[in-house]
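Subject: Structure handover

Hello,

Here is the structure we talked about. Please open it alongside this note, which goes through what turned up.

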Amino acid sequence: MNNFIKKLFSSKSDAAKSPVFHVDKQDISRERSAELYEKAKQYFPGGVNSPVRAFKSVYGTPLFIEKGDGCHLWDADGNQFIDFCCSWGPLILGHNHPKIREKVVEVMQHGMSFGAPTALENELAELIIKNNRYIEKIRFVSSGTEAVMSAIRLARGYTKRDKILKFEGCYHGHVDALLVKAGSGLVTFGETSSAGIPKSFAEETIVVPLNDEKAVKEAFKQFKNQIAAVIIEGVPANNGLLIQDKKFVEFLREICTKNKSLLIFDEVITGFRIGFEGAAGYYQVQPDILTYGKIIGGGLPVGAYGASAEIMSQISPDGAVYQAGTLSGNPVAMAAGIAQLSELAKPGFYKELNDKTAEFVSAIQRYADTHNYSFMIFSVGSIFWFAFTEQCIQTAEAIDPKSMDKFRIMHRELLNRGIYLGPSGYEVGFVSAAHSKTDLEKAKRAIFECLDIVFKK
Ligand SMILES: *Cc1c(COP(=O)(O)O)cnc(C)c1O
């Protein structure tokens with residue numbers, strides 16, 4: 001097939017699969033982005049290197065980003081946005097923060113990787129451990145997925161048990177054992193949620209609903225002395241924002257202790273986000289292992305897991321649980337992490353950011369309430385989630401998939417008004433320190449207009 005025919009062919013089959021992208025006059029231009037996307041589809045599956053970027057559940061072609069500065073983003077067509085996605089959470093100081101950029105450039109001038117220890121690793125570890133009561137030792141890796149995968153292996157090695165209990169609606173990266181969803185019934189073995197995962201792997205994972213003590217108790221009864229760890233997102237924030245009761249989190253701590261299972265907080269989003277001590281500090285619950293990612297790398301690829309010195313002594317070369325990484329503790333990535341976390345450790349940082357966010361979301365909630373819109377914003381720290389609902393949502397089951405139609409309209413209209421949210425109604429938004437009161441005021445007005453459009457249609 002020559003290239004031209006191939007092109008015709010592929011655009012035809014694409015059109016059959018996805019709805020026709022129709023640009024209305026009132027929509028912002030996405031011409032250049034559409035061109036880049038066509039090209040990207042020749043190189044990458046779905047045209048992207050991570051699936052949600054493909055805009056499958058919102059309107060139109062994905063925006064290709066050209067640059068970011070502070071709370072703003074610019075796409076390839078020159079459109080400017082106030083960004084509430086913030087690279088899915090890492091950019092708590094906003095884009096292109098001068099302190100991070102300067103530190104990265106300074107360190108890069110001495111080389112980019114050695115595969116040998118550097119003082120920078122000590123510096124980032126010290127910054128974290130001195131300001132976080134919940135871990136004594138840490139190991140740096142290169143992504144959140146890698147952190148969780150290692151934490152699971154550590155828990156299994158430490159307890160000499162195999163089974164993992166996870167919650168429906170929590171995402172822990174693309175770890176084989178955790179790409180599982182609940183089957184039918186209260187306590188179930190996971191069913192794989194991706195092709196390519198052996199059934200036998202999924203059978204080591206038990207899936208239960210969030211905020212449900214009875215289901216967790218039942219699982220511990222059914223799998224007595226087999227559960228290595230219970231893993232939960234610090235605050236589940238990958239499938240809506242499902243804020244758990246403190247009582248439930250405390251219950252998990254107790255039942256794990258009683259059964260000699262480890263409690264893992266996956267703090268890849270919440271770590272350094274809802275406070276320097278993340279969800280552990282927020283709930284004041286001591287997990288056995290914590291995982292970090294996103295913010296910890298200041299926008300570069302860093303993950304980490306930490307625990308007590310005793311548990312961490314199981315990791316090689318001290319212990320028998322193997323875990324390694326060619327680029328782990330990479331000096332450039334450490335530099336970005338040090339620069340970002342140094343700002344976060346300053347007194348008052350979180351209070352200012354969280355207060356600003358609370359003011360922002362409560363104004364939007366008030367507007368929706370005044371107009372009797374079925375709309376709620378769930379929020380913790382500087383994380384927020386727009387939900388088209390009238391009732392408090394704490395479990396994945398409570399989210400009505402039909403409400404996503406409303407998000408689709410909202411997302412399109414927000415882009416048209418210069419507001420960028422992650423392209424899925426299941427994703428949360430983030431406020432950064434770079435969002436000024438004026439930016440938030442502007443965003444609020446755009447959101448009010450969009451709510452009117454969504455609910456008057
Ligand atoms: C993003 C995320 C991960 C995966 O991190 P990656 O860096 O994307 O591999 C794991 N757990 C949670 C809670 C996350 O939000």
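Start in a loop. Phe55 sits between helix H2 (31–43) and strand S1 (65–69). Its phi is near 60 degrees, a positive value in a residue other than glycine. Phe55 has 3% relative accessibility, so it counts as buried. Bear in mind throughout that this is a predicted model.

Most residues other than glycine have a negative phi, and most peptide bonds are trans. Some places here depart from that pattern.

Lys260 is one of them. Its phi is positive, about 55 degrees, although Lys260 is not a glycine. Look for it in the loop between H8 and strand S10 (262–266). Lys260 is exposed, because its relative accessibility is 63% and the cut-off for exposed is over 50%.

Lys160 also has a positive phi, again about 55 degrees.

Pro317 belongs to the loop between helix H10 (309–312) and H11.

**Helix H11**

H11 covers residues 331–344. Asn330 caps the N-terminal end. One of its side-chain oxygens lies 3.0 Å from the backbone nitrogen of Val332.

Lys99 is worth a look here. Lys99 is in helix H3 (residues 98–108). In sequence, Lys99 and Ala336 are 237 residues apart. In space, their C-alpha atoms are 8.8 Å apart. Leaving out residues up to four places away in sequence, Lys99 touches Ala339, Glu343 and Lys346. With Glu343 there is a side-chain to side-chain polar contact of 3.4 Å. Lys99 counts as partly exposed, because its relative accessibility is 43%.

**Helix H5**

H5 runs over residues 144–159 and has 16 residues. From first C-alpha to last, H5 reaches 23 Å. That is close to the 22 Å expected at 1.5 Å a residue. Its buried residues include Gly144, Ala147, Val148, Ala151, Ile152, Leu154 and Ala155. Ser143 caps the N-terminal end of H5. Here a side-chain oxygen lies 3.5 Å from the backbone nitrogen of Thr145.

Thr145 itself lies in H5. Buried or exposed? Thr145 counts as buried, because its relative accessibility is 16% and the cut-off is under 20%. Setting aside neighbours within four places in sequence, Thr145 is in contact with His172, Gly173, His174 and Val175.

**Helices H7 and H8**

Two packed helices are described by the angle between their axes and the distance between the axes. H7 (residues 213–222) and H8 (residues 246–258) pack at an angle of about 10 degrees. Their axes are 11 Å apart. H7 and H8 are therefore roughly parallel to each other.

Which residues in H7 and H8 meet? From H7 come Glu213, Val216, Lys217 and Phe220. From H8 come Lys247, Phe248, Phe251, Leu252, Ile255 and Cys256. The residues of this contact divide into seven nonpolar, three charged and no polar. An α-helix has 3.6 residues a turn, so residues three or four places apart point the same way. You can follow that spacing by eye along either helix.

**Glu277**

Glu277 is in the loop between S10 and helix H9 (278–283). With a relative accessible area of 14%, Glu277 is buried, because the cut-off is under 20%. What does Glu277 contact, beyond its neighbours within four places in sequence? The list is Asn131, Asn132, Arg133, Tyr134 and Glu267. With Arg133, Glu277 makes a side-chain polar contact of 2.6 Å. Phe201 is elsewhere: Glu277 and Phe201 are 76 residues apart in sequence and 32 Å apart in space, C-alpha to C-alpha.

**Where to click**

Go to the polar contact between the side chains of Glu277 and Arg133. Finish at Lys99 and Glu343, whose side chains are joined by a polar contact.

Best wishes

Technical notes. Residues numbered from 1 in each chain as written. Predicted model: local features only at pLDDT ≥ 70, side-chain atom pairs only at ≥ 80, totals over all residues. Heavy atoms only, no water. Helix = DSSP H or I, 4+ residues; strand = E, 2+ residues; numbered from the N terminus. Expected span 1.5 Å × (residues − 1). Polar contact = N/O pair within 3.5 Å; in protein donor to acceptor, adjacent residues only side chain to side chain. Axes fitted to C-alpha atoms, helices over the stretch in contact; angles between N-to-C directions. Parallel < 35°, antiparallel > 145°, perpendicular 65-115°, else oblique. Contact = heavy atoms within 4.5 Å. Nonpolar A, V, L, I, M, F, W, Y, C, P; charged D, E, K, R; others polar. Buried < 20%, exposed > 50% of the residue type's maximum accessible area, 1.4 Å probe, protein only.
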